[in-house]
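Please keep the sequence and the coordinates in view while reading.

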Amino acid sequence: MTITPAEALVALQPWIARHRRTAWRPEVRTDNSTPTGSAFSGLPLLSPDEDWPACPSCGVPMESMLQLDLKTLPTDRYGSDVLQLFYCVANSCDRGWEAFADQASLCRTITPNDARAATTNLNRFPTKAIHAWTAIEDSPDAPEHERLGIKFDYHFKDVPFKPMEMWCPELDLHFVGSEFIRCLEENVTAADGDKLGGWPLWIQGVEYPICPECGTEMSLVMQIGSEDHVPYMFGDCGVGHITQCPQHHHVVAFAWACT
Ligand SMILES: [Zn+2]
Ligand SMILES: [Zn+2]
């Protein structure tokens, strides 16, 4: 019996459905000029006596790229503090991309009770207050398929040539031919652009940071795409990810990757 890649996708539906997650797109508006809640380039909360954070590399005030009031999100899995990403958007800055490098960024949580809103807006970009979230369905990106139970044999070094193979052991499925792998990669992917939760869109392969306190793999809080809500490009159309330790909600990190 021969089956088509589209039919293979139908056969794989139980695996696809099991790994589907809800993500949320931010709905923004610009009519709130002093948001202290969730916003892109809004007025951030600061600790008492704290100045607006400056870039560790070049010293200019960093952009309050994203602030999330975690207790107002459509999911309570991230805790109840306020999560912040300050990021240097100065043209000439030497920016790192790795999690915890903090070369030109500050990713942290702050407890609202101890904090006050900044009084002067030092952002370069227009404020976009997040007033709602729209749920979307999200799926794991192709680089994660293998760690989620799909097995591949590419036969790259086999002589004579052998076609690529793909297995789903939990569903007892086996497919021979690169077209099946390509069909899965094209149809089961992570959404691009800005989103809360869901699955990270990976540019350079899977790069979940590890929590320095407990060794647990950190999970996605928010994906920030190039030129989506923030008019900024990470490298060449890169994608940024804010991640958090599921056990330690105060352990958060920002990293980005591009091609
Ligand atoms: Zn800088
Ligand atoms: Zn941890």
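The text below treats a metal site, then strand pairing.

The model is predicted: local features need pLDDT of at least 70, side-chain atom pairs count only at pLDDT 80 or more, and totals for chains, interfaces and linings use all residues. Residues are numbered from 1 along each chain as its sequence is written, chains are lettered from A and ligands numbered from 1 in the order in which they are written, and side-chain values use heavy atoms, with hydrogens and water left out.

**Zinc site.** Cys-211 (SG), Cys-214 (SG), Cys-245 (SG) and His-248 (ND1) coordinate the zinc ion (ligand 2) at 2.1 to 2.3 Å. Donors are N, O and S atoms within 2.8 Å of the metal (3.2 Å for Na, K and Ca); water is not among the atoms, so sites may look incomplete. Along the chain, the donors of this ion show the spacing C-x2-C-x30-C-x2-H. The table gives the relative accessible area of two of these residues; buried means under 20%, exposed over 50%, and partly exposed in between (1.4 Å probe, protein chains only).

| Residue | Relative accessible area |
|---|---|
| Cys-245 | 0% (buried) |
| His-248 | 22% (partly exposed) |

**Strands.** Strands (E, at least two residues) are DSSP runs, numbered from the N terminus, and two strands pair if DSSP finds at least two bridges between them. In strand S4 (residues 63-69), seven of seven residues are buried. S4 pairs with strand S5 (residues 82-87) in the antiparallel sense over six bridges, and Asp-69 stands opposite Val-82 in S5. An open sheet of three strands has the order S9-S10-S11, with antiparallel pairing.

Terms used
Helix = DSSP H or I, 4+ residues; strand = E, 2+ residues; numbered from the N terminus.
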